[in-house]
Amino acid sequence: MAECHPVGFQWVMEAKARGAKVIHVDPRFTRTSALADVHVPLRAGSDIVFLGGIINHVLQTDGYFRDYVVSYTNGPVVLREDFRDTEDLDGVFSGLDPESRSYDNGSWQYQGTEMQAASGERDQEYPKRTGGSSVTEAARGESHGSGGADLGEGEAERDETLSHPRCVFQVLKRHYARYTPEVVEEACGVPRDLFRQVCDLVTQNSGRERTTAFAYAVGWTQHTVGVQYIRAASVLQTLLGNIGRPGGGILALRGHASIQGSTDIPTLFNLLPGYIPMPHAHQRQDLDAFVRAEATRKGYWGNMRSYLVSLLKAYWGDAAVAENDFCFDYLPRLTGSHSTYETVMAQLEGTCKGYFLVGENPAVGSADAKMQRLGMAALDWLVVRDFSLIESATWWKDGPEIETGEMRTEDIGTEVFFLPAAAHTEKEGSFTNTQRLLQWHHQAVEPPGEARSDLWFTYHLGRLVREKLARSTDPMDRPLLDLTWEYPTRGEHAEPDAGAVLAEINGHDADGVPLSSYQQLEDDGSTACGCWIYCGVHADGVNQAARRTPGQEQDWVAAEWGWAWPANRRILYNRASADPQGRPWSERKALVWWDEDEGSWRGHDVPDFEADRSPGHRPPPGAKGPEGLSGIDPFIMQADGKAWLYVPSGLTDGPLPTHYEPQDSPFPNLLYGQQRNPVRHLLPPHPDNRYQPSGEEPGSEVFPYVATTYRITEHHTAGGMSRWQPYLAELQPEFFCEVSPGLAAERGLEHTGWATVVSARGVIEARVLVTDRMAPLTVQGRTLHQVGMPYHWGPNGCTTGDAANELVHMSLDPNTHIQETKAFAVDIRPGRRPRGPAALELVRAYRARAGIDERTGTEL
Amino acid sequence: MTDGTWGGADRTVADGGLLSGPEPDVARAAGYPDAPQRVGFFTDTSVCIGCKACEVACKEWNAIPEDGLELTGMSYDNTQGLGGSTWRHVAFIEQRKPLGGQEPGTGQDTVDVFAAARDLGVTPSAPGPGATSPGPGCGEAPAGAPSGEISPVAPDGRSELRWLMSSDVCKHCTHAACLDVCPTGSLFRTEFGTVVVQEDICNGCGYCVPACPYGVIDQRPDDGRAWKCTLCYDRLGVGMEPACAKACPTRSIQFGPLDELRERAAARVAQLHAAGVTDARLYGEDPQDGVGGDGAFFLLLDQPEVYGLPPDPVVTTRDLPAMWRHAATAAASLAALAVVSFARRSR
């Protein structure tokens with residue numbers, strides 16, 4: 001966190017100054033470790049064993065927060081009799097269809113009812129709930145949405161003694177029983193005494209009086225089981241009662257200034273604003289059928305129709321009326337995953353012909369960078385909007401394939417447009433940070449030359465396209481022509497007013513009066529709102545995100561700095577900070593509480609609960625939406641109002657986090673016969689995306705070292721914002737790899753000399769930093785050396801170097817379609833890499849030696 | 001050269017000040033009768049995270065050119081040292097020593113954080129963001145708090161590791177030799193007590209370069225003139241803090257009146273010692289030291305040499321008066337000898 005989020009790390013330092021203990025778990029000793037109380041180096045890709053070990057410790061020592069677990073989680077819920085855990089099936093769950101490499105989650109449901117997820121793959125439940133059929137390819141990830149998974153009619157069977165053998169709590173206990181300290185030591189390389197110390201610190205610092213927070217970044221998400229890493233932390237935090245309370249939670253540290261904003265108002269293919277799922281291509285699917293399938297019956301996702309209709313009104317204004325389902329049919333439909341990596345395959349197949357890259361540099365920044373370039377070389381046109389001529393804009397004349405002779409510039413048909421982009425200081429707008437806090441930034445200077453803001457580009461592109469289509473009578477063009485696309489502009493470049501966009505996102509009622517809360521949204525078309533969770537950011541017509549009352553001038557919650565979604569709440573699900581009777585669990589950790597005299601919830605933060613719902617309230621049978629929540633259901637987005645220790649719906653790869661080895665791993669899975677995540681997302685075979693043998697398979701010894709990629713403070717992601725800056729380039733002037741003294745001795749690597757790193761995908765060279773900060777680990781009885789590589793470099797800019805992403809494969813997390821850049825296997829040798837065709841020859845020789853073909857690593 | 005004489009006390013002729021020893025009011029001694037309080041930096045390296053924001057902010061604000069793309073292999077330090085085009089330098093030192101030196105306020109284990117948080121902005125003395133001094137309400141330990149200090153576990157066969165980071169800068173010495181030797185008046189003492197080079201007057205003679213006991217000031221190869229930290233003289237003039245201190249996310253670099261910084265630093269060292277960090281020490285804060293105390297001083301976690309700092313710096317002009325006295329004596333002796341010899345010859 002100090003390494004990649006130095007500004008946010010000031011708050012960790014402040015917490016430390018107030019007595020907090022900081023534990024840093026990372027394969028490398030980083031700037032964060034330097035300031036931590038405890039650093040735990042572990043094998044990259046083994047975190048579920050580590051977290052599972054802590055879960056097991058908490059369960060075995062009765063270290064969980066029992067009152068919290070019984071009242072606020074699904075721990076007491078009894079599961080169906082036909083559910084089979086990994087304990088029963090040697091590492092897979094019931095419902096696995098080996099043919100389609102997917103799970104049917106039917107047997108994962110609760111006894112007596114059916115649940116819809118609050119997020120994730122909500123389309124899973126579509127056929128059951130509508131009787132309709134899906135034209136979505138197989139049951140891949142896109143069938144769960146993002147709202148809470150839903151629960152069907154009927155009540156789940158509960159055992160509040162937590163002793164029923166099929167209750168979630170007991171299933172959990174059995175599932176994690178094998179995650180012992182001994183297994184942690186063997187699989188993660190973390191000595192037992194160090195592991196024990198972490199367990200003690202975490203459990204002693206949790207409970208009524210104290211809370212523990214977890215912070216993570218892409219070191220957890222970028223795995224073939226990435227979502228389950230986060231789930232493992234969720235299970236642990238839920239058991240310890242660390243969610244919805246001050247000082248608790250699981251904090252995603254996100255990579256760019258507004259990555260949170262880019263999922264709230266998504267640049268993702270499978271979501272609409274506010275985490276409403278993008279509709280799938282179902283036969284005769286109208287608005288009612290969609291809402292019936294995707295919404296939850298209880299909780300705030302029960303109001304999905306209001307959120308969606310208001311969104312459609314914001315998109316299509318007067319054209320959206322009840323008679324035409326508020327233009328629901330104008331929304332595109334998903335026919336499967338359309339993630340970055342499938343898009344590359346579609347480019348190669350010729351079905352994707354044009355590509356916009358806005359602030360993205362896949363030619364060095366995405367996994368298997370060569371595949372990215374091959375895909376772009378098959379396009380008709382490519383638009384690159386960035387500050388500088390990044391590699392994704394110039395691969396056609398000076399990319400690695402030109403050097404190896406695999407591509408010749410004159411053969412490439414792609415028309416490449418480069419449009420200079422304005423920096424954040426040259427435009428106004430909002431950033432949404434990891435805490436869901438919107439902060440407005442003002443324009444300081446005009447952008448230089450032809451550089452323009454993304455808002456300018458998008459608005460004027462839309463305007464020009466609409467002008468060209470103005471006389472069209474083709475119904476296909478109606479969604480574009482009916483869009484509300486009127487924004488005031490200013491200045492000589494006709495820059496659209498970002499404040500007007502924020503006002504549209506906030507929404508207004510039928511009279512045009514700004515809304516102040518998502519609870520005002522209606523499903524009859526009388527309200528318009530561009531993103532329901534942002535409703536209130538422009539309450540009273542005032543830009544609430546621009547508020548900057550200094551911390552010294554307000555209380556510790558600092559509610560007047562910026563604006564946090566939803567409803568300016570700073571801590572989500574904060575009803576859980578009070579006990580079932582509505583009293584704070586402890587005075588130290590008081591946040592919100594029930595005021596009996598006032599008949600309402602009060603507190604330091606905005607209560608995340610229906611203001612007048614008393615703790616004693618129990619809903620009448622059949623109550624729906626928010627009305628279905630009882631006074632002890634703090635997790636108001638969930639279909640049952642509870643935190644989920646176990647996920648009956650919404651995940652494609654299992655209801656409980658389970659350790660699988662990374663796609664490419666030098667080690668066998670110590671815990672189960674199942675080596676890899678059986679439903680990991682593999683892309684169709686391609687000669688430049690070969691997988692490696694793993695574990696005890698012959699050939700796996702050819703790639704004996706675990707590698708991981710990361711960022712360092714001095715540079716930013718794929719380098720587009722830093723490698724062209726001389727002041728940053730001089731701070732880290734060359735691509736390097738970090739190795740331990742032991743590995744240097746084993747392979748003859750010299751400090752500041754050159755190393756060649758090879759995988760089945762490619763070969764790169766890097767300067768060598770030999771450092772004690774890369775600790776060798778003892779894993780499964782042998783010494784493991786890990787190779788660390790920052791992924792910032794590429795051939796262009798003030799500082800240049802090979803791209804670490806040349807080495808990485810395209811095997812993805814099945815829920816998020818994120819690549820596995822944080823744990824893979826390589827070989828490393830001294831000296832510079834071969835040039836030209838000889839580089840290809842080296843990779844070919846490695847593949848041959850490891851016996852790699854198109855089937856390698858694709859086993860279930 | 002007004003009222004100074006080369007004999008007696010070590011008074012310079014330039015500013016009426018001393019060449020060495022304690023100097024309580026450096027700006028007044030330099031001829032500013034209504035000088036504001038002397039300001040400077042306290043760099044607390046125990047909370048430095050090595051982000052180098054200070055280096056970048058300094059270069060941005062002062063429009064200093066990039067000065068070389070060289071991978072040094074010295075941990076993450078590719079800046080190497082202060083110079084004509086590097087006025088802030090973050091050193092990185094990897095040591096085989098137990099983790100745990102960087103303890104921001106471990107003495108506050110007993111603070112009730114929520115009481116402290118509620119008091120934020122209410123009590124003037126409450127620690128604000130980045131506070132490194134103990135807040136109010138140091139009372140009994142909160143219930144259930146993990147007890148005791150964390151002792152680093154040494155995993156089998158592995159050495160423990162400590163990664164020191166420290167942002168170095170011009171010390172703005174009380175007795176600044178660079179200033180003393182400057183023949184053009186390009187280097188001067190400001191009303192804030194800081195030492196600044198005026199690049200439009202500098203003639204590139206380079207006398208200041210060997211005069212600096214810390215090796216801070218240097219000439220730029222392409223223009224020959226001498227450059228160093230100005231403590232953002234232009235920003236101070238309009239009531240702003242220097243760019244590096246402004247950019248520092250953890251308040252490792254603290255800017256303020258020197259007296260206040262010295263108090264804060266002493267409290268901080270005491271706090272770290274109480275927490276068992278016996279390595280903590282101040283560097284450059286002592287008015288009795290060889291340069292009369294630095295305007296920019298440091299809290300270090302190891303010997304100064306480890307960070308590339310001289311252990312016992314002495315203003316290089318300290319001995320100038322004595323040298324001149326000796327020279328004068330020698331000259332007088334020679335003259336006398338000459339007179340005697342001529343006297344003899346004439347005979």
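A residue is counted as buried if 20 or more other C-beta atoms lie within 10 Å of its own, as exposed if 12 or fewer do, and as partly exposed in between, with C-beta atoms placed from the backbone. The structure is a predicted model, in which local features need pLDDT of at least 70 and side-chain atom pairs count only at pLDDT 80 or more, while totals for chains, interfaces and linings use all residues. Residues are numbered from 1 along each chain as its sequence is written, and chains are lettered from A and ligands numbered from 1 in the order in which they are written. Helices (H or I, at least four residues) and strands (E, at least two) are DSSP runs numbered from the N terminus.

In strand 3 of chain B (residues 162–169), eight of the eight residues are buried, so the strand is largely enclosed by the rest of the structure. R162(B), L164(B), S166(B) and D168(B) point to one side of this strand, and W163(B), M165(B), S167(B) and V169(B) point the other way; all are buried. In a regular strand the side chains alternate between the two faces of the sheet. Strand 3 of chain B runs antiparallel to strand 2 (residues 88–95) of chain B, with eight bridges joining them; strands are taken to pair if DSSP finds at least two bridges between them. Within this pairing, V90(B) stands opposite S167(B).

Chain A contains 25 helices and 30 strands. Its radius of gyration, taken over C-alpha atoms, is 27 Å, close to the 29 Å of the globule rule (2.2 Å times the number of residues to the power 0.38) for 860 residues, so chain A is as compact as a globular protein of that length. Along the principal axes, the C-alpha atoms of chain A fill a box of roughly 75 × 70 × 60 Å. Buried residues account for 55% of the 860 residues in chain A. Two residues are in contact if their C-beta atoms, placed from the backbone, lie within 7 Å. Of the contacts in chain A between residues at least 6 apart in sequence, 72% join residues at least 24 apart.

Three strands of chain A form an open sheet in the order 11-12-13, with parallel pairing. Strand 11 (354–358) and strand 13 (415–420) of chain A are the edge strands, each pairing on one side only. The twist from one strand to the next averages 10 degrees, where axes are lines fitted to C-alpha atoms, for helices over the stretch in contact, and angles run from 0 to 180 degrees between N-to-C directions. Five bridges connect strand 11 to strand 12 (residues 381–386) of chain A, and G354(A) stands opposite W381(A) in strand 12.

Strand 30 of chain A (residues 824–830) has five buried residues out of seven, so this strand is largely enclosed by the rest of the structure. Strand 30 runs antiparallel to strand 22 (residues 705–710) of chain A, to which three bridges join it, and V706(A) stands opposite A825(A). Four bridges join strand 30 to strand 24 (residues 754–758) of chain A, also antiparallel, with V757(A) opposite I828(A).

A nonpolar core is a set of buried Ala, Val, Leu, Ile, Met, Phe, Trp, Tyr and Cys residues joined through C-beta atoms within 7 Å. The largest such core has 286 residues, of which I55(A), L236(A), L312(A), V757(A), V826(A) and C178(B) touch the most other members. Helix 14 (residues 304–316) of chain A gives the most to this core, with nine residues. Residues up to four places away in sequence aside, V826(A) touches F703(A), Y705(A), A707(A), V757(A), V758(A), S759(A), V787(A) and L807(A).

Helix 3 of chain A (residues 47–60) is mostly covered, with 13 of its 14 residues buried. In helix 15 (residues 340–349) of chain A, the buried residues are Y341(A), E342(A), V344(A) and Q347(A); what covers them includes helix 17 (369–377) and strand 29 (811–812) of chain A.

Most residues other than glycine have a negative phi, and most peptide bonds are trans. C327(A), in the loop between helix 14 and helix 15 of chain A, has a positive phi of about 65 degrees. C327(A) is buried, with 21 other C-beta atoms within 10 Å. The peptide bond from W565(A) to P566(A) is cis, with omega near -10 degrees.
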